[in-house]
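Please look over the structure below alongside these notes.

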Amino acid sequence: MNRTIAIVIALLCTACGTATAQKSEPPALLLEPGQLKDGRAWTVTATSQGTWRDLDEDLVPCGKRVIAPAEAVTRWRTFKASDGAVVTQVVVSGVDAMDSFKFFYAECGEVGDIDSTVGPKNVARHDGEVEVATVSKDRFVVLGGTVPDAQLTLFAETARTHLDTVPS
């Protein structure tokens, strides 16, 4: 009887260990430096995650928190190029991405100029800053930084197509 109990416990422990070992890391939603292809060497200077509410004020697009719900899962990463250029990517999950995209257009349009381009992408210019928003199938993405508008737009397209390959 004791031997049977010991075997059952051993099998249960083995099954638990196997299930734990099969868990994988969550999919990589943020870009890696090698995906920023513009001839410069890029490095990651910061990566974090939390909620939209946790997002540093200087990373909130156009300074407008209403763009996404406060509890939305948010990941962000900052890159620095060899020449000192900086790009920050923010990915928001668990929201209606198109609603946040529309809010970005409306809210950023109130504080500066905004253009819609194919992709879809919205390019906002305000207070000397440029931010580009895009959507994947189920995530809202914003990139900002000190690179030219055209380069941010290309990086946003890279982020969008990358996220379209990542399972929800």
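1. A disulfide links Cys 62 and Cys 108, with an S to S distance of 1.9 Å; the term means a pair of cysteine sulfur atoms within 2.5 Å. A search of the whole structure gives one disulfide. The link of Cys 62 and Cys 108 is right-handed, with 110° about the S-S bond.

2. Cys 62 sits in the loop between strand 1 (42–51) and strand 2 (73–81), and Cys 108 in helix 2 (residues 97–111), so the bond ties together parts 46 residues apart in sequence. Helices (H or I, at least four residues) and strands (E, at least two) are DSSP runs, numbered from the N terminus.

3. Cys 62 is buried at 8% relative accessibility, and Cys 108 is buried at 0%. Buried means under 20% relative accessible area (1.4 Å probe, protein chains only).

4. This is a predicted model: local features need pLDDT of at least 70 and side-chain atom pairs pLDDT 80 or more, while totals for chains, interfaces and linings use all residues. Residues are numbered from 1 along each chain as its sequence is written, and side-chain values use heavy atoms, leaving out hydrogens and water.

5. The largest pocket has a volume of about 220 Å³. A pocket is an open set of points on a 1 Å grid over the protein atoms alone, where a 1.4 Å probe fits, with protein on both sides within 12 Å along at least five of seven lines. The volume is the space filled by probe spheres set on the points, which are joined across faces, edges and corners.

6. Lining the largest pocket are 14 residues; Asp 58, Leu 59, Thr 88, Gly 144 and Gly 145 lie nearest its centre. Lining residues have an atom within 4 Å of a point. Strand 3 (86–93), strand 6 (129–135) and strand 7 (140–145) each supply at least two residues of this lining.

Key:
Buried means under 20% relative accessible area, exposed over 50%, partly exposed in between (1.4 Å probe, protein chains only).
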